[in-house]
Amino acid sequence: MKSKMLKINKSARSSIITVGMILIAYIICQALIVTGNMSNLLQNLLVSMCYYAIMAVSLNLTVGFLGQLSLGHAGFMCLGAFAGAIFSKCTVNAIQNTFIRFTLAILLGAVVAGLFGIFIGTVVLRLRGDYLAIVTLAFGEIIKNVLNVLYIGYDSKGIHLSMKDAISLNLEDGGIVLVKGAQGISGTPRDATFTVSVILLLITYLIIVNLVNSRSGRAIMAIRDNSIAAESVGINITKYKILAFSISAALAGIAGVLYSHNIATVQSSKFGYNLSIMILVFVVLGGMGNLRGSIISAVLLTLLPEYLRFLRDYRMLIYSIVLIVMMLYNWAPACVAWRNKLSSNLAAMLKKSKKEEL
Amino acid sequence: MNFLTHLLNGISLGSVYSIIALGYTMVYGIAKMINFAHGDVIMVGGFIIFTLMSTLGLNPFFSVLAAMIVCTLLGMTIERIAYKPLRKAPSLAVLITAIGVSYLLQNLALLIYGAESKSFTSVIPVKALSLFDGRLSISGETLVTIPLCIVIMIGLNFFIKKSKTGRGMIAVSEDKEAAVLMGVNVNKTIAITFAIGSAIAAIGSALMFSAYHNLSPTSGAMPGIKAFVAAVFGGIGSIPGAMIGGILLGVIEILSRAYISTQLGDAIVFLILIVVLLVKPTGILGRKIQEKV
């Protein structure tokens, strides 16, 4: 038994630990709900913790593994949220089975966001570092602004689109306005349960772990570490960049579908730059390139502000300080020297204590 | 006449963008980083002028002067604490730090002044000019903004081309190591760049908030990003480029708000950024930089 355990390689063991952690957390939560020990406040947060975790894990693929800063991740979530919500509202009578309807909504959300990811990726990924970040920001804002003025309705003739107001949709009597511009979509069936969310989180995690540990994943990390060197050994940079970027976008779309099926009204103004930054904070705090860290920090940073009410006003302030301090801690020469000194001191102490034992 | 009014408003807004864009373009040229917090330095400048004028009743001129001093110190402090230790770090780390600083300033302002927007009294004592029997009216802000922008631009260009410090800046932006060998103090030069950029940002903030009156903790972020778009548009690192890019962007924004859609103005500005970066990533007046292995 023991030798078998050792044969499992390091990355597989790490992902088993993460999956185990998620499952244990899920079982504890379910037990608390069943026995009636969980507050309403916490129950309302369960699904949102899952979609934030999905967002963080998927952004980590772009930021941590591909090494490109994307500031428009909320845009993909927005696309997924709208696509999923429109689908569910249209088919709420046609497809009675919640499971099938929600699965289709999730797939649709992922496909729509993924397609936009491919499109934006193709456009954007030839740019380098800083420019790429600012262009992803631009795309995120464009998605938000366009959805903010978009009106969609349907009647017996089909779907009507307008960028002005609900009246110019020219709907027949009995036609339904699905998307009401800045007011967004309301009345989406609340299909996103905690169980489904956890399953989706696990699926997301496994997709990314598998990708990262595959040949493609190693190519992606090679691009991060040195794109010119990666290109010179024959890695098709554009292909792998778009692959990572669109998978990340599709997964953000899934998070969006969860979001829109968990909340009464979906408004595009919620998916601005601020949300993208919040997700970035989760990724940075959890560790870039560390998926488990992303999940833990997303869960903790969603929970803590609710429990530490007095910290609520200071939440964004603390996030910003976290960003600065983490970066300085990781990269500032003084901090690096201090860390090295500390670790060598520790090593020396350990050695000493071992000698004394002998 | 309607078109002319929009055009003038566009040029006026564009002049503000180009003043703000100077900060981005100088810092990017010399420190090779996007100073995301630049837009928020503008917001801080606006709040200082607001506090001094509306709360303490100080003279507008001295308020703007005080804002310039505070913004200069702020810019230098930010550079010293947050960016200087990261000179050798990957650009991803620097960018995240810059975003962090931007958020820090916004949230500090939020805690001090609250979220609701303040009404900013214009600092410009010039009356509106009425032409063609009142069919065309030019606001005092526009009358001051456009010439002031040109003066700043010429002055800065002169400073960089002629003064020793300015030439040091050019040297650092060309080649940091070589500049060190030629006796340029790189750290000091970068600090001065941040100082100048922030001081000009304070002027930009006085002009912008005088024209638009709304002042809130987040009101620096969007103009900041748009000014960056302007800097990219004109060719990052180039001072005349910032001016051309800023004015073009302002005109395009106002005209598209007037003739296409009020709500899609921002989206159109960002679309321009994307198109420019794809078609001519170096901007109108930029130079191509070869990537080294």
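Trainee: Where do A:E141 and A:K144 lie, and how many residues apart?
Mentor: Both lie in helix α6 (residues 129-149) of chain A, 3 residues apart, about one turn of the helix. Helices here are DSSP runs of H or I with at least four residues, strands are E runs of at least two, and both are numbered from the N terminus.

Trainee: What does A:E141 form with A:K144?
Mentor: A salt bridge, with the closest N and O atoms 3.4 Å apart in this predicted model. The term needs a side-chain nitrogen of Lys or Arg within 4 Å of a carboxyl oxygen of Asp or Glu.

Trainee: Is A:E141 buried or exposed?
Mentor: A:E141 has 5% relative accessibility, so it counts as buried. A:K144 is at 19% and also counts as buried. Buried means under 20% relative accessible area, exposed over 50%, and partly exposed in between (1.4 Å probe, protein chains only).

Trainee: What about numbering and cut-offs?
Mentor: Residues are numbered from 1 along each chain as its sequence is written, with chains lettered from A and ligands numbered from 1 in the order in which they are written. Because this is a predicted model, local features need pLDDT of at least 70 and side-chain atom pairs count only at pLDDT 80 or more, while totals for chains, interfaces and linings use all residues; side-chain values use heavy atoms, leaving out hydrogens and water.

Trainee: New topic. How is chain A divided?
Mentor: Into domain 1 (22-307) and domain 2 (319-358), with bounds from an automatic or database domain assignment. Their C-alpha centres lie 36 Å apart.

Trainee: How many salt bridges between domain 1 and domain 2 of chain A?
Mentor: The count is 0. The area buried between them is about 650 Å², and carbon and sulfur atoms give 87% of it. That area is the accessible area (1.4 Å probe) that two parts lose on being put together, summed over both. On the domain 1 side, A:V281, A:V284 and A:L285 lose the most, together 62% of what that side buries.

Trainee: Which residues touch the most other members of the largest nonpolar core?
Mentor: A:L69, A:L71, B:F36 and B:I99, out of 211 residues. Such a core is a set of buried Ala, Val, Leu, Ile, Met, Phe, Trp, Tyr and Cys residues joined through side-chain atoms within 4.5 Å. Both domains of chain A give residues to this core, so it lies between them.
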